[in-house]
Amino acid sequence: MGKDDYDIKPISSFINKAYKRLNIDKQINKLKVEEAFIEIVGKAISKHISDIYFNNDTLYLKIYSSVISQEMQYCKQKLITGVNERMGLNILKDIKVKVL
């Protein structure tokens, strides 16, 4: 048997398949979306966010400041595009903001 007789695949392909079978990929994407959003808005804004949750293509935010909430609404599409670009996927479709 020569080297050409084997179908050699990178280990990452097996890990990705396992993630999908165990639905871990959804949990990982959830965390990555939340992290990407926090990185995009920065520390100054993120300190006003009390809760962040990604579910079904929507990022839900609970924010302490109505001013920041309005800014988020104004920049919503830009934020969505930024998160999707960081993810390399078109995973985020909407952002819902609730002021506390």
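Analyst: A salt bridge is a side-chain nitrogen of Lys or Arg within 4 Å of a carboxyl oxygen of Asp or Glu. This is a predicted model, in which local features need pLDDT of at least 70 and side-chain atom pairs count only at pLDDT 80 or more, while totals for chains, interfaces and linings use all residues. Residues are numbered from 1 along each chain as its sequence is written, and side-chain values use heavy atoms, with hydrogens and water left out.

User: How many salt bridges does a search of the whole structure find?

Analyst: With the nitrogen-to-oxygen limit of 4 Å applied, the search covers the whole structure. The number of salt bridges found is four.

User: Where is the predictor's confidence lowest, and where is it highest?

Analyst: Confidence is given as pLDDT, a score for each residue from 0 to 100, and the protein averages 88, with 94% of the residues scoring at least 70. Helices (H or I, at least four residues) and strands (E, at least two) are DSSP runs, numbered from the N terminus. Where pLDDT is low, the predicted coordinates should not be read in detail. The lowest confidence is in helix α1 (residues 11-21), at a mean of 79, and the highest is in β2, at 96.

User: What is the order of the strands in the open sheet?

Analyst: Two strands pair if DSSP finds at least two bridges between them, and β1 and β2, which run antiparallel, are joined by six. The edge strands, each pairing on one side only, are β1 and β3. The sheet is open, has three strands with mixed pairing, and its order is β1-β2-β3.

User: What angle does the direction of α3 make with that of β3?

Analyst: Axes are lines fitted to C-alpha atoms, for helices over the stretch in contact, and angles run from 0 to 180 degrees between N-to-C directions; contact means heavy atoms within 4.5 Å. Helix α2 packs on the sheet, touching β1, β2 and β3, and its direction makes about 155 degrees with that of β1. Helix α3 also packs on the sheet, touching β1, β2 and β3, and the angle between its direction and that of β3 is about 165 degrees.

User: Which residues have the most contacts inside the largest nonpolar core?

Analyst: A nonpolar core is a set of buried Ala, Val, Leu, Ile, Met, Phe, Trp, Tyr and Cys residues joined through side-chain atoms within 4.5 Å, where buried means under 20% relative accessible area, exposed over 50% and partly exposed in between (1.4 Å probe, protein chains only). Beyond four places in sequence, L59 touches residues including V33, F37, I52, L92 and I95. The core has 19 residues, and those with the most contacts inside it are F37, L59, L61, M72, L92 and I95.

User: Which residue forms a salt bridge with R86?

Analyst: R86 lies in helix α4 and its partner in helix α2, 47 residues apart, which links distant parts of the chain. The closest N and O atoms of the pair are 2.6 Å apart. The partner of R86 is E39.

User: Are K30 and E34 buried or exposed?

Analyst: K30 and E34 form a salt bridge whose closest N and O atoms are 3.1 Å apart. Both residues lie in helix α2, four residues apart, about one turn of the helix. By the accessibility cut-offs above, K30 and E34 are both buried.

User: Which residues are joined with D94 into one network of salt bridges?

Analyst: D94 forms a salt bridge with K76, with 3.2 Å between the closest N and O atoms. Because D94 lies in strand β3 (residues 94-99) and K76 in helix α4, the pair ties together parts that are 18 residues apart in sequence. D94 is buried, with a relative accessible area of 19%, whereas K76 is partly exposed at 22%. Through salt bridges that share partners, the residues joined with D94 are K76 and K96.

User: What is the relative accessible area of N56?

Analyst: N56 is found in the loop between β1 and β2, and its phi is near 50 degrees, a positive value in a residue other than glycine. D57, in the loop between β1 and β2, has a positive phi of about 70 degrees and is partly exposed at 35%. N56 is exposed, and its relative accessible area is 66%.
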